[in-house]
Amino acid sequence: MTRLILASQSPARTKLLTEAGIQHDVLVSDVDEDAVQAKYGVTDAHDTALLLARAKAEAVASLPEAEGALVIGCDSVFEFDGESHGKPYTAEVARERMLRMSGSQGVLHTGHWLVDCRDTAADADDDATEGSDAAAHEGTGATVGAVSSAEVHFAQMSPHDIDAYIATGEPLHCAGSFTIDGLGGAFIRKVDGDPHAVVGLSISTLRDLLVHANVGITELWAANTQ
């Protein structure tokens, strides 16, 4: 059975995988996002999302618990008026952003990075010969990434709406100060692109990355039924 590890503590991402029938474990990285960005300098929102996803995936892939598994790391960055917006953390920052976003639109970039931690060495006793079960589960050593982006259009939000939303605490720990799968969905008019990317993990992008590990996404479905 192929093991998938999600290198993220996001409840929305693990819920999305679960609802897609994909069995997975969760291991949270201790990556310092500010330190990673400082190391590589200023990049745009698209590249920052991929950079942080890679840092998280590789940090978890280095743990003993990841041996023999596939690790997927994700990170989301919101691009608005040419600026990169991560989590606001404070009510003041969230309010300032949302007042600007009201009635406008921006692009949510979600970076994905997959690391294949399975053993790539063939067994000396020929158990891993082509076509055998062992060979089917042999790793590729793949470490690959991709970004899925979607344009998010916001409804007009009154100051009262914004304050009420911030008071719930939901937007403070979300890239761009909003969610689509929670209370914030009330303020999103439409999404152009993969809506799963706005939640924080594109299932179709994961499927594309799994190809590099010689794993079909239906194998993860099958694992969920065993």
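The following legends describe close-up views of a predicted model.

**View 1. The buried side of helix α4.** Helix α4 spans residues 91-101, and its buried residues are Ala 94, Arg 97, Met 98 and Met 101. These residues lie on the same side of α4, because the arc they cover around the axis is only 95 degrees. An α-helix has 3.6 residues a turn, so residues three or four places apart point the same way. The cover over the buried residues of α4 includes strands β3 (69-80), β4 (83-85) and β6 (143-154), together with helix α6 (159-167). After α4 comes Gly 103, which has a positive phi near 75 degrees.

View 2. Arg 95 and Asp 163 form a salt bridge in which the closest N and O atoms are 2.7 Å apart. Distant parts of the chain are linked by this pair, since Arg 95 belongs to helix α4 and Asp 163 to helix α6, 68 residues apart. Arg 95 is partly exposed, at 30% relative accessibility. Asp 163 also counts as partly exposed, with a value of 36%.

**View 3. Asp 81 in the loop between β3 and β4.** Asp 81 is found in the loop that lies between strands β3 and β4. Its phi is positive, near 50 degrees, although Asp 81 is not a glycine. Most residues other than glycine have a negative phi. Asp 81 is exposed, its relative accessible area being 60%. A network of salt bridges links Asp 81 with Glu 83, Glu 96 and Arg 100.

**View 4. Asn 214 in the loop between α8 and α9.** The loop that holds Asn 214 runs between helix α8 (203-210) and helix α9 (217-224). Asn 214 is a residue other than glycine, yet its phi is positive, about 55 degrees. With a relative accessibility of 57%, Asn 214 counts as exposed.

**View 5. Ser 148 and its contacts.** Ser 148 is part of strand β6. Its relative accessibility is 8%, and Ser 148 therefore counts as buried, the limit being under 20%. Neighbours within four places in sequence are left aside in the contacts of Ser 148 described here. Among the residues in contact with Ser 148 are Leu 108, His 109, Thr 110 and His 112. Ser 148 is also in contact with Asp 194, Ala 197, Ser 202 and Thr 205.

View 6. The structure holds 10 salt bridges, including one between the side chains of Lys 56 and Glu 33, with an N to O distance of 3.2 Å. Lys 56 is buried, at 11% relative accessibility, whereas Glu 33 is partly exposed, at 21%.

View 7. Arg 54 and Glu 58 are joined by a salt bridge, their closest N and O atoms being 2.8 Å apart. The two residues are 4 residues apart in helix α3, which means that about one helical turn separates Arg 54 from Glu 58. Arg 54 is partly exposed, with a relative accessibility of 36%. Glu 58 is likewise partly exposed, at 35%.

How values were computed. Residues numbered from 1 in each chain as written. Predicted model: local features only at pLDDT ≥ 70, side-chain atom pairs only at ≥ 80, totals over all residues. Heavy atoms only, no water. Buried < 20%, exposed > 50% of the residue type's maximum accessible area, 1.4 Å probe, protein only. Arc of directions from axis to C-beta. Contact = heavy atoms within 4.5 Å. Salt bridge = Lys/Arg side-chain N within 4 Å of Asp/Glu carboxyl O.
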